[in-house]
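Subject: Structure handover and notes

Dear colleague,

Please look it over first and then read on.

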Amino acid sequence: DDKTVPISLQDAIEGGLRRNYQELTRKYEFQLNEIFYKDAHEDFYYPKLSLTMATTGDHFVENFYRDIDNNASSSKVPSGYVGLEMDDYTLFNWGKDYLEYLNNKETYNRTKSNLREDKRDLRLDIIDQYFYLAALNQSVRIYKKQLSHASFIYRLAKEKLTLRKIKTQEFYEVKAMFLGAHKDYHQSLYEFDKAQESLIELLGEDHNTAYRTINTLKYKPISLNSIESLKFVMDNNRSLLNARAQMNISNRSYEKSQKDNLPLPKFDIKLGTYRRTFSGGAYSDDYETFAGSKNVELAASLNMRWTLYGSGGFLNSRVQESAYYSKKISELNLRDSHRQAHYLNRLTHSKVKRLEKRFKAVLAERSNARKVFDQVIDNYISGKTKVTNVKQTLEELKLASVEYQTTKYNHLVEKLNLAKLMGVDDFPGEKFERLVEK
């Protein structure tokens, strides 16, 4: 089709990683995550220094209303201050701030990794959709070739009917076969056009664009065994890493909730505030750490609140219980993630191997179907076989050819699923971009 744009697998990957809307959004999410961690890091390690300013109202206009009795004039010149303030810096609070910081750091690291893994999954999804479209494109060619065969047989049957070499019933059977092939061809075109939507969405292109794949999939058996792939799964699987991080966070949160419920003093350094106070034409500079003192002091304070009745339970017992149950849930989720990782690795690897055996059978079936069809069509031309045999062998050739493309594509899909499960961009020694035939 002249309206379609030819595209290679490499161009599709590069374009998708550059224009995909989710990937563009992730770039900003990455920056937000960096900001989140910088705040958490500085809040824990450094005292907060702020520039502050405050003034009274500057009454520079005439009164809208002047009372007869209470009519003292407001000051025409504002007063106020400008200052540098440092919040009290916590030296020691029994590790509660540190536990919170470690949770923020773990959240930051997993978010950062998840964003990178989203980009990796996008690349694998583009490869998947590209070769799905390529397989459908090959199916269109198969159905077109079937239509060409059926058209030839239909014309031949017309000639034989004119010469009274076949009966009318046989001619109508051939016509039905031709019409069926015509219908199948247009259905394949419809499926091909429908599959364009997923690829266009992944590439972030305008929906007015239609693509034509110029690469086809090259079949390559997997070289990894299930034990080798399991090592990658245990180290890199996203669900497993997320579950581990959540368990660590829940454990720290539970530990912090226990410390929060104990009467433990907090040790702070009061760093103070420097202010320049002004009023009219005069100003004064002042520094103090707290009211009436300029001493930089280490202060211990104790602030506790236990619920006796109401939300949180007696002596905050329900707060403790909630933290404990969250901890146990995260432990169960991690255990289940381990179970699923082992199971899915074994299952996916098994499906890849079964498809490889199926591919060998389908390849032999397609080769045999071609030979049988060539023989049968020669026999039909010479009047040595019936049209029912031609119809059957043509259908078998079509199904074997389509199954060849389907099996080859399904084999790739399972390998991509295994790569996602393993948390890798490619298998060792195998690049997915190289599985192309011109």
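The model is a predicted one, in which local features need pLDDT of at least 70 and side-chain atom pairs count only at pLDDT 80 or more, while totals for chains, interfaces and linings use all residues. Residues are numbered from 1 along each chain as its sequence is written, and side-chain values use heavy atoms, with hydrogens and water left out.

Salt bridges come first. A search of the whole structure finds 26 of them, a salt bridge being a side-chain nitrogen of Lys or Arg within 4 Å of a carboxyl oxygen of Asp or Glu. Helices and strands are named here as DSSP runs numbered from the N terminus (helices are H or I with at least four residues, strands are E with at least two). E117 forms a salt bridge with R110, at 3.5 Å from N to O, and another with R238, where the closest N and O atoms are 3.2 Å apart. Through salt bridges that share partners, R110, E117, D118, R120, D121 and R238 are joined into one network.

E117 is buried at 8% and R110 is buried at 12%, whereas D118 is partly exposed at 25%.

Strand pairing is next, where two strands pair if DSSP finds at least two bridges between them. Strand β2 (residues 49–55) pairs with strand β3 (residues 79–86) in the antiparallel sense over seven bridges, and L49 has M86 in β3 as its bridge partner. β3 also pairs in the antiparallel sense with strand β8 (residues 273–279), over seven bridges, and there S79 stands opposite S279.

The loop between β10 (297–301) and α7 (317–381) holds L315, whose phi is near 55°, a positive value in a residue other than glycine. N316 is placed in the loop between β10 and α7 as well, and its phi, near 60°, is also positive. L315 is partly exposed, with a relative accessible area of 37%, but N316 is buried at 12%.

Finally, there are the surface patches, made of residues with over 30% relative accessible area and no salt bridge, with like charges joined within 9 Å and nonpolar side chains (Val, Leu, Ile, Met, Phe, Trp, Tyr) within 5 Å. W306, L308, Y309, F314 and L315 make a nonpolar patch of about 640 Å² (areas by the Shrake-Rupley method with a 1.4 Å probe), and L308 is exposed at 61%. A negative patch is formed by D39, E42, D43, D97 and E100, with Asp and Glu counted as negative and each charge placed at CG of Asp or CD of Glu. Its largest share, three residues, comes from α2, the helix in which E42 lies.

With best wishes

Note on methods: Buried means under 20% relative accessible area, exposed over 50%, partly exposed in between (1.4 Å probe, protein chains only).
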